[in-house]
Amino acid sequence: MSTLDIQNLHASVETTEGLKPILHGVNLHIGDGEVHAVMGPNGSGKSTTAYALAGHPKYHITEGKVLLDGEDITDMTADERARAGLFLAMQYPVEVPGVSVTNFLRTAKTAIDREAPKLRDWSKKVKEATANLKVDPDFIARDLNVGFSGGEKKRTEVLQMELLEPKVAVLDETDSGLDVDALRIVSEGVVHTHEKTNNSILLITHYSRILQYIKPDFVHVFANGQIVKTGGAELADELEQTGYDAVVGA
């Protein structure tokens, strides 16, 4: 089972001038194995939703709650939410000098499962995952995200998702900075993991191009810290044609 319930979520972000309210009552139910796309203009609250869900320390949930498979994770720390089955692919993955991709992946898997994976089984899974994402085997020996291109960073995020097998994956603008080929490869990696695990996905994006590969069950439009419109995949096409102003003002 992999469901996510966001109930009347209000959240603020820390700024130099104090807490700034961003989310103003987000309600969203993601059913078992469903794919939901969230679209909207800059500053509408999409990424704030992602970080608030993941437990980023600068993003404070001030009202409402979040349930993962019926369990209230609202007050959990980021690592506790990850162990519960929530995963965040960041829009801007951080560089970690001195820590190789392979060591990071195995350490993350150990932390999630509370036990180290068996080396032979783990090596096989890593080899299969890197092949699926068309990642050079030497790539995982490099320091995490250090000197990586945008496409390499996003492939690393999807590589994490495939190996950690979360119940619910939140993908924050995974398509940003990708060329056509990289977009296809990254998207195919997301779809492969989804088909293998039947996880639920919350996909945040500006553009409909990624939805040509990752087919959403529902599309939601964000504006002013709320979901203002919901529809099927055709809503993304409408946004592409008319822009956000026409839909948000409808």
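Reply: Two strands pair if DSSP finds at least two bridges between them, and helices (H or I, at least four residues) and strands (E, at least two) are DSSP runs, numbered from the N terminus. This is a predicted model, in which local features need pLDDT of at least 70 and side-chain atom pairs count only at pLDDT 80 or more, while totals for chains, interfaces and linings use all residues. Residues are numbered from 1 along each chain as its sequence is written, and side-chain values use heavy atoms, with hydrogens and water left out.

Me: Which are the edge strands of the open sheet of four strands?
Reply: The open sheet has the order β2-β1-β4-β5, with antiparallel pairing. An edge strand here pairs on one side only, and this holds for β2 (18–30) and β5 (71–72). The edge strands are therefore β2 and β5.

Me: Over how many bridges do β1 and β2 pair, and what is the bridge partner of Ser12 in β2?
Reply: β1 and β2 pair in the antiparallel sense, and the pairing runs over ten bridges. Within β2, the residue that bridges to Ser12 is Pro21.

Me: Is Leu4 buried or exposed?
Reply: Leu4 is found in strand β1, which spans residues 4–15. Leaving aside neighbours within four places in sequence, Leu4 is in contact (heavy atoms within 4.5 Å) with Leu28, His29, Ile30, Leu53, Val66, Leu67, Leu68 and Val168. Buried means under 20% relative accessible area, exposed over 50%, and partly exposed in between (1.4 Å probe, protein chains only). Because its relative accessibility is 0%, Leu4 counts as buried.

Me: Why is strand β3 described as largely enclosed by the rest of the structure?
Reply: In a regular strand the side chains alternate between the two faces of the sheet. In β3, Val35, Ala37 and Met39 point one way and His36 and Val38 the other way, and all are buried. Strand β3 (residues 35–39) is largely enclosed because the number of its five residues that are buried is five.

Me: How many Å apart in space are Glu195 and Gly33, C-alpha to C-alpha?
Reply: Glu195 lies in helix α6 (residues 180–197) and is exposed, with a relative accessible area of 63%. Although Glu195 and Gly33 are 162 residues apart in sequence, their separation in space, C-alpha to C-alpha, is 9.0 Å.

Me: What radius of gyration does the protein have, and what would a compact globule have?
Reply: The protein contains eight helices and twelve strands, and its C-alpha atoms fill a box of roughly 55 × 40 × 40 Å along the principal axes. The radius of gyration is taken over C-alpha atoms, and the globule rule is 2.2 Å times the number of residues to the power 0.38. A compact globule with 250 residues would have a radius near 18 Å, which agrees with the value for the protein, 18 Å.

Me: What share of the contacts with a separation of 6 or more comes from residues 24 or more positions apart?
Reply: Buried residues make up 50% of the 250 residues in the protein. Among contacts with a separation of 6 or more, the share from residues 24 or more positions apart is 72%.
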